[in-house]
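I opened this entry to record what I looked up in the two-chain model. My notes follow the order in which I looked.

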Amino acid sequence: MIIEDLKKYLDAEILCCEENLKRPIYSACGCDLMSDVLAYVKDQGVLLTGLVNPQVVRTAMMMDMVCIVFVRSKAPTDEMLKLAKDNGIVIMRTSMRLYEACGILYSNGLTGNKN
Amino acid sequence: MSEPTLVYHYDIDGDDFSSAGQASVSIKTNLRQLGLSPEIIRRVSIAMYEGEINMVIHAKGGTADVKIFEDYIEIILADKGPGIKDIDQAMQEGFSTASDLTRSLGFGAGMGLPNMKRYSDDMKIESVVGVGTTVTMRINIA
């Protein structure tokens, strides 16, 4: 799957770094607790979350993630978008809830990390 | 003991949660320029990031020194915060004294110190209640 496919499956709006939509992704994680992302995530390219603050973007940066999906139509701040843009992280937003968004991606082949 | 080949020093601003993590981002960039492996870079930056968040949440900031040695990296995080009363208890996953505000921001779930230990090869905590805390982490390069 590539990032662009997420936009299609989640009916999402791209907010930043459209030029990176062709990047490949192999797995994802859905989480609102950043410490858990930092603890358990390994080699997952996409973070789906309903949490909105700059630490979400920094957490994704620490984990070398390439895309963040904000669920429930959450709007990131300009500061967050700038941080993401400076680091090439694609930001998108969907009206779906976290559970629904994760389920759709999973059933289309984007599984979590098995470890 | 040999001298570090490089030392990075940061003052961690404790007033603004939204800016927490800037030093860790900077370290990540610097380590990339040194050509270290992505796995080592990730471990150093995550361990430091959790530490930075801790210093902002609990201690109103502090200092971070990252020393690059030939075969390991040492991260020293020092603050003049309230100190840790019971280090064994603080090391348990899920134990937290963080505020509801911190929790609402995605942290304070009692994973910070365990994560720092998880990503480092060695971690030492020195803390005196009312005086402050120093955490020293070592991550082997070779």
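**Chain A, overall**

I began with chain A, which has five helices and five strands. Here helices (H or I, at least four residues) and strands (E, at least two) are DSSP runs, numbered from the N terminus. Along the sequence I read α-β-β-α-β-α-β-α-β-α for chain A.

A note on the source: this is a predicted model, local features need pLDDT of at least 70, side-chain atom pairs count only at pLDDT 80 or more, and totals for chains, interfaces and linings use all residues. Residues are numbered from 1 along each chain as its sequence is written, while chains are lettered from A and ligands numbered from 1 in the order in which they are written.

I then checked burial. A residue is buried if 20 or more other C-beta atoms lie within 10 Å of its own, exposed if 12 or fewer, and partly exposed in between, with C-beta atoms placed from the backbone. In chain A, 45% of the 115 residues count as buried.

For contacts, I used C-beta atoms, placed from the backbone, within 7 Å. Taking contacts in chain A between residues at least 6 apart in sequence, 53% join residues at least 24 apart.

**Helix α1(A)**

Which residues of helix α1 (residues 3–10) of chain A are buried? I found Ile3(A), Leu6(A) and Leu10(A). They sit on the same side of α1(A), because they cover an arc of only 40° around the axis. The arc is that of the directions from the helix axis to the C-beta atoms. These buried residues of α1(A) pack against β3 (46–49), β4 (67–70), β5 (90–93) and α5 (98–107) of chain A. Asp11(A) follows α1(A) and has a positive phi, near 50°.

**Helix α4(A)**

I repeated the look-up for helix α4 (residues 78–86) of chain A, where Met80(A), Leu83(A) and Ala84(A) are buried. The buried residues of α4(A) fall within an arc of 95° seen down the axis, so they line one face of the helix. On the other side of α4(A), Asp78(A) and Asp86(A) are exposed. The buried residues of α4(A) pack against β1 (13–16), α3, β4 and β5 of chain A. Just after α4(A) comes Gly88(A), with a positive phi of about 70°.

Is Met34(A) buried or exposed? Met34(A) counts as buried because it has 28 C-beta neighbours inside 10 Å. I placed Met34(A) in helix α2 (residues 34–40) of chain A. Leaving aside neighbours within four places in sequence, Met34(A) contacts Gln55(A), Val56(A), Thr59(A), Gly106(B) and Phe107(B). From Met34(A) to Val57(A) I noted 10 Å, C-alpha to C-alpha, and 23 residues in sequence.

Next I took the whole contact: 17 residues come from chain A and 19 residues from chain B. On the chain A side, α2 and α3 (54–62) each supply at least two residues. The largest share of that side, six residues, comes from α3(A). By class, the side of chain A that touches chain B has nine nonpolar, three polar and five charged residues. In this count Ala, Val, Leu, Ile, Met, Phe, Trp, Tyr, Cys and Pro are nonpolar, Asp, Glu, Lys and Arg are charged, and the others, Gly among them, are polar.

**Core**

A nonpolar core is a set of buried Ala, Val, Leu, Ile, Met, Phe, Trp, Tyr and Cys residues joined through C-beta atoms within 7 Å. The largest has 70 residues, and Cys67(A), Ile68(A), Val69(A) and Ile89(A) have the most contacts inside it. Helix α2 (residues 38–59) of chain B gives the largest share of this core, 10 residues. Not counting residues up to four places away in sequence, Ile89(A) touches several residues, including Cys17(A), Val57(A), Met65(A) and Ala84(A).

**Chain B and scores**

Chain B has five helices and five strands. I read its pattern as β-α-α-β-β-α-α-α-β-β. Buried residues make up 36% of its 142 residues.

How values were computed:
Contact = placed C-beta atoms within 7 Å.
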